[in-house]
Amino acid sequence: MAKPIKKKRIAVPEQDPKARIHNFNEVALGYTFELAKEEASRCLQCPYEYAPCIKGCPVNVNIPGFIKKILEEDIKGALEVIHETNSLPGITGRVCPQEQQCEMNCVMGKLGDKINIGKLERFVADYAREHGIMAETKIAPKNGKKVAIVGSGPSGLTAAADLIKMGYDVTVYEALHEPGGVLIYGIPEFRLPKDIVHYEVKFLKMIGAKIETNVVIGKTITLQELIDEYDAVFLGTGAGTPKFLNLPGVNCKGIYSANEFLTRINLMKAYKFPEYDTPIKVGKRLAVIGAGNVAMDAARSALRVGFEEVYILYRRTREYMTAREEEIHHAEEEGVKFMFLVSPVEFIGDENCNLKVVKLIMNKLGEPDSSGRRRPEPIPGTEFALEVDAVVFAIGQRPNKILYQEVPELKTTKWGTLVVDEKYRTTMRGVFAGGDAVRGEATVVLAMGDGKRAAKAIDEYIRTGEWPEEIKPKTF
Amino acid sequence: MFEIVDKKVLAPNIKWIRVKAPLVAKSARAGQFIVLRLHEKGERIPLTLFKWHKEDGTIELVFQEVGKTTYELGSYEPGDKIMDIVGPLGKPTHIENYGTAIVVSGGVGAPIGYAVTRALKEAGNHVVSIIGFRNKQYVILEDEFRKVSDELLITTDDGSYVRKGFTTDVLKEYLANGGKADYVFTVGPVIMMKLIADITRKYGIKTDASLNPIMVDGTGMCGACRVTVGGEIKFACVDGPDFDAHQVNFDELLSRLTEYKEEERIALDRYVKGVH
Ligand SMILES: Cc1cc2nc3c(=O)[nH]c(=O)nc-3n(C[C@H](O)[C@H](O)[C@H](O)COP(=O)(O)OP(=O)(O)OC[C@H]3O[C@@H](n4cnc5c(N)ncnc54)[C@H](O)[C@@H]3O)c2cc1C
Ligand SMILES: Cc1cc2nc3c(=O)[nH]c(=O)nc-3n(C[C@H](O)[C@H](O)[C@H](O)COP(=O)(O)OP(=O)(O)OC[C@H]3O[C@@H](n4cnc5c(N)ncnc54)[C@H](O)[C@@H]3O)c2cc1C
Ligand code: SF4
Ligand code: SF4
Ligand code: FES
């Protein structure tokens, strides 16, 4: 029975760029049920063992499976298929770099546009949430064992959910006043509405997780105290420590890490100052150094708080930018300007060190470096000045060390990430870790996948008591 | 939520509160601080731990009303609740028996100085406390300091109490008169700490300063609190707040503290108008 092939992707309604740079509402409005069915009907339903989309997804969501359920108008069924491997579809559907994962090798790509898997996944989660549809959740009877989770980012939340379902008593400790990790303090509202994160956290509480905010493990409670009190501990502490370049003038006023800039705006709601107490300084021109998701988020947030002109300054060329395609596209639509092959060399302030100028140098691309990307090399004599009121560093982050500062037994790599083996076991018995804390800056779905696999390993450890003599480091 | 159980006004605009925060009270050590947020719309601000009591799970804080958040906190009464308190944060002050230790505190640095003084005393040091205030009205914690110091030298800027002069004058005289000093700890206005460091540098006395940059999270995540120490960028909330005073770039710290002056004024004006 030959179905007509629909080559074109069904467009996702979006807020108009001119309007949206004045608000923090979500940019992509998402599919309606009708549009979702239409997009779903384009899927060729490749067999499970073969489907390249499933192979491309880090948590192997059964994509043709849930798409089929959408066509059958069985949203509860679709949600349950997704939940088999992914408990946060409202989040991953929005923030996964789909073009490098599930959608990369979609067969439809050979005939026309690839299936918009991300937006379909998001549709299922949103429709279910808005209509009070819940996936059947089987929770095993309590087994009397306790697990502590440190950090409430996607890795911690996922590990917590899975362990509760296995019958464990789970407590999540979070340093900030609100749970969610980067999902709350980093990724802006216009890309991931906070209500969605709140909903997931509420669900976790509903199935029995205890969440203790305002507790810094290593300070408020020591890791050893957790080890003594719990049967196992999972560290999902992320990679939240920002890097700066130690250039002249780097501590002038008006220079921020992306984390500070985004935390003020997202977590502390500085865009509502003075109704909210936390301020952000708004000037005319802002430049972001870096070209990943974090950089795009900072640039687009800057427009929304009122900067008139926003630049992305990147030391390589367009094709090396690491941000999601959708983010780059949205940033361009909103009027963010891109400057390639430039690196900052100095920041110049006025007599009170209020930032006025960033001095840049032009680069050319040299030989590929260890990451396989061509290395930027400064061209002498090409320095020039860009007048700015603010600069945001988005050049990468290191793991938060607040926890391990005083725990020498926890071995780290030369990048500061925690050493773990293939079962996410750290060098301390009973202590597991996953997410950005072991990978360095990675993605939400990889952090989630780690949380899931670590939960399995934790269960195995608590049941068997087995722990290896030596931890064989896994490389990520 | 964290309940305020007791409150006192120590001097004009300087208030003392005792708050229920059992987890903080259990782990606190001298030199550490907490970050609090009063309510849903509040800002996160750091305050140093003055005293803490494991037995009843309370902590004591002393703060000066300087802007919106501290004024608002000053309006809270026993029974009122603070939404968030996280801590203890920062590295505890390094305490050992140096021999003779001098603690120089200025103004509202006094509560921090007090906690460190007590810890140094308990470690067996001969402790000389130098505390300075604007004038007689602002003298706080005198009795407290007396209990934990071997010598207590008080000064006021205008001479309205004990003597006239700054803490720097007192330290200079003490050292010039052959006073012994194996270690100096200083906390207070940035400019004072800078001048204290200049004095002790000449004498080659190891000196730590407790720095107070603007902070947001207090857990090493934002870099708002960065300071330059020995040419390197450090985050005061996790690498400090204490640093080798001879290595600190105090001018930079002074400048960074003024970053939000304009916004702070707007917030305070709006608050004062709303209240009155
Ligand atoms: C601005 C920004 C945009 C991004 N955009 C995307 C995107 O579009 N798509 C994507 O896939 N990924 C994106 N990422 C990356 C992604 O968010 C991370 O890979 C992911 O959140 C890592 O999850 P995690 O659970 O390991 O840690 P995190 O989300 O970092 O959470 C760690 C949590 O642990 C807490 N914590 C740390 N130490 C302690 C302690 N000692 N005690 C208690 N709590 C502690 C922290 O406060 C934090 O809440 C982005 C990141 C940023 C910063
Ligand atoms: C580690 C640490 C410990 C501290 N301990 C205490 C304490 O025990 N008692 C106490 O009274 N204060 C303490 N402070 C200072 C206190 O955090 C600030 O006074 C407070 O953040 C001001 O908030 P606000 O909204 O009331 O005023 P804002 O409106 O934010 O500021 C008003 C004025 O205060 C100045 N200011 C702002 N932030 C700071 C700061 N971090 N340090 C010094 N001046 C500042 C501004 O320059 C401005 O002139 C500490 C600061 C740090 C970093
Ligand atoms: S989790 Fe991410 S990669 Fe996997 S199917 Fe969903 S959007 Fe695609
Ligand atoms: S590869 Fe594309 S067409 Fe095939 S099942 Fe996956 S989404 Fe459908
Ligand atoms: S206050 Fe954010 S890093 Fe120190």
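In the predicted model, Lys337(A) is partly exposed, with a relative accessibility of 36%. Its salt-bridge partner is Glu309(A), and the closest N and O atoms of the two are 3.5 Å apart. Glu309(A) belongs to strand 8 (residues 309–313) of chain A and Lys337(A) to strand 9 (residues 337–339) of chain A, so the bridge ties together parts that are 28 residues apart in sequence. Glu309(A) is likewise partly exposed, at 23% relative accessibility.

Lys76(A) and Glu136(A) meet through their side chains at 2.9 Å, N to O. This pair links distant parts of the chain, 60 residues apart: Lys76(A) is in helix 5 (residues 75–83) of chain A, and Glu136(A) is in the loop between helix 7 (117–130) and strand 1 (146–150) of chain A. Lys76(A) is partly exposed at 30% relative accessibility, whereas Glu136(A), at 60%, is exposed. In chain B, a salt bridge joins Glu173(B) to Arg163(B), with 2.8 Å between the closest N and O atoms. Here Glu173(B) is part of helix 5 (residues 167–176) of chain B, while Arg163(B) lies in the loop between strand 11 (151–156) and helix 5 of chain B, ten residues apart. Glu173(B) has a relative accessibility of 39% and is partly exposed; Arg163(B), at 24%, is also partly exposed. A network of salt bridges links a set of residues that includes Arg20(A), Lys119(A), Arg191(A), Asp297(A) and Glu334(A). Over all chains, the count of salt bridges comes to 61.

At the interface of the two chains, 42 residues of chain A are in contact with 53 residues of chain B. The size of an interface is often given as the accessible area lost when the parts come together. Chain A and chain B bury about 4,000 Å² between them, and 53% of this area is on carbon and sulfur atoms. Four salt bridges cross the interface of chain A and chain B. Lys41(B) and Glu275(A) form a salt bridge through their side chains, at 2.8 Å from N to O.

The largest nonpolar core comprises 58 residues, and those with the most contacts inside it include Leu313(A), Phe347(A), Ile102(B) and Phe250(B). Helix 6 (residues 190–203) of chain B provides the largest share of this core, six residues. A second, separate core of 46 residues includes Ile149(A), Leu183(A), Ile184(A) and Ile196(A). Beyond its neighbours within four places in sequence, Ile102(B) is in contact with residues including Val128(B), Leu171(B), Tyr174(B) and Phe185(B).

Two ligand shells were also examined. Ligand 4 is surrounded by residues that include Cys43(A), Cys46(A), Cys53(A) and Cys106(A); this shell has ten nonpolar residues, no polar and no charged ones. Around ligand 3 are, among others, Cys57(A), Cys96(A), Cys102(A) and Glu121(A). The shell of ligand 3 has seven nonpolar, four polar and one charged residues.

Several backbone features stand out for description. A cis peptide bond with omega of about 5° connects Phe273(A) and Pro274(A), and Pro274(A) is located in the loop between helix 12 (258–267) and strand 7 (285–289) of chain A. Another cis peptide bond, with omega of about -5°, connects Gly87(B) and Pro88(B); Pro88(B) is in strand 8 (residues 84–89) of chain B. Asn214(A), which is not a glycine, has a positive phi of about 60° and counts as buried at 7% relative accessibility.

Note on methods. Residues are numbered from 1 along each chain as its sequence is written. Chains are lettered from A and ligands numbered from 1 in the order in which they are written. This is a predicted model: local features need pLDDT of at least 70, side-chain atom pairs count only at pLDDT 80 or more; totals for chains, interfaces and linings use all residues. Side-chain values use heavy atoms; hydrogens and water are left out. A residue is near a molecule or strand if one of its heavy atoms lies within 4 Å of it. Ala, Val, Leu, Ile, Met, Phe, Trp, Tyr, Cys and Pro count as nonpolar, Asp, Glu, Lys and Arg as charged, and the others, Gly among them, as polar. A nonpolar core is a set of buried Ala, Val, Leu, Ile, Met, Phe, Trp, Tyr and Cys residues joined through side-chain atoms within 4.5 Å. Buried means under 20% relative accessible area, exposed over 50%, partly exposed in between (1.4 Å probe, protein chains only). Helices (H or I, at least four residues) and strands (E, at least two) are DSSP runs, numbered from the N terminus. Contact means heavy atoms within 4.5 Å. Buried area is the accessible area (1.4 Å probe) that two parts lose on being put together, summed over both.
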